[in-house]
Amino acid sequence: MSKSDEFHLEEFKSLRDEIRQRIQESGVIVRNSVLASAVLVAWLATSGANIANQQLYALAWWLPLVLCGFAALRAYSLFTRIIAIGRYIQLLESVIGNAEILGWEHHLGGLRRSTWQANAIDVIAVAFWVALVVGAAVIGYLGYMANATS
């Protein structure tokens, strides 16, 4: 194996590890944004009478929206980075792989072009984040309106 092939193999391993880490991080972001928003809403719903500054309390109902919005942006940045790494790995597969036996990224690229199931995963992820952000906006609006006039 040449030095160039060894380098590309190590680079390939490193990039696959980066993809794995980013996928794990996106799972943590999903879990934490849902849990943190739920805890915030539960606390706001049960603590309203005990808070001295009611204007600040009313504004606090928008915090889950802010949290979910930033989490969605982070998830989007992770997704775009994963796609970019995947495309580069696909290039590496073409350069150092056998043209007839290509790697996972080539296989996945073919799936994305040919099956609705592969594209459905992306649609479901987007729908989840849209639903979470819209839900947080509705809760923020309702909480704010219920407490802004108090």
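Is Val-130 buried or partly exposed? Val-130 is partly exposed, with a relative accessible area of 47%. The cut-offs are these: buried is under 20% relative accessible area, exposed is over 50%, and partly exposed is in between, with a 1.4 Å probe and protein chains only.

Before going on, the ground rules. This is a predicted model, where local features need pLDDT of at least 70, side-chain atom pairs count only at pLDDT 80 or more, and totals for chains, interfaces and linings use all residues. Residues are numbered from 1 along each chain as its sequence is written, and side-chain values use heavy atoms, with hydrogens and water left out.

Back to Val-130. It sits in helix 5. Helices here are DSSP runs of H or I, at least four residues, and strands are runs of E, at least two, numbered from the N terminus. Val-130 also belongs to a nonpolar surface patch of about 650 Å². A patch takes residues with over 30% relative accessible area and no salt bridge; nonpolar side chains (Val, Leu, Ile, Met, Phe, Trp, Tyr) are joined within 5 Å, like charges within 9 Å. Areas come from the Shrake-Rupley method with a 1.4 Å probe, and for residues only the protein chains shown count as cover.

Next, helix 1 and helix 3. Helix 1 has 45 residues and reaches 64 Å from its first C-alpha to its last, close to the 66 Å expected. The expected span is 1.5 Å times one less than the number of residues. Helix 3 covers residues 63–96; its 34 residues should span 50 Å, and the end C-alpha atoms are 49 Å apart, which agrees.

Ile-19 is buried, at 8% relative accessible area. Its C-alpha is separated by 9.0 Å from that of Leu-78, 59 residues apart along the chain. Leu-78 is among the buried residues of helix 3.

Now charges. Side chains of opposite charge can pair when their charged atoms come close. How many salt bridges does the structure hold? Five. The criterion is a side-chain nitrogen of Lys or Arg within 4 Å of a carboxyl oxygen of Asp or Glu.

Glu-18 and Arg-81 meet at 3.2 Å, N to O. That pair links distant parts of the chain, with Glu-18 in helix 1 and Arg-81 in helix 3, 63 residues apart. Glu-18 is buried at 19%, while Arg-81 is partly exposed at 35%. Glu-18 and Arg-81 also join Arg-22 in a network of salt bridges.

Arg-74 bridges to Glu-25, with the closest N and O atoms 2.9 Å apart. Again the parts are distant: Arg-74 is in helix 3, Glu-25 in helix 1, 49 residues apart.

Glu-10 and Lys-13 form a salt bridge at 3.6 Å. They are three residues apart in helix 1, so about one helical turn separates them.

Last, aromatics. The whole structure has three aromatic pairs. Rings of Phe, Tyr and Trp (its six-membered ring) pair if their centres lie within 6.5 Å; planes under 30 degrees apart are stacked, over 60 edge-to-face, the rest tilted. Tyr-57 and Trp-61 are edge-to-face, 6.2 Å centre to centre, with 80 degrees between the planes. Trp-62 and Tyr-144 are tilted, at 6.1 Å and 45 degrees. Trp-62 lies in the loop between helix 2 and helix 3 and Tyr-144 in helix 5, so this pair ties together parts 82 residues apart in sequence.
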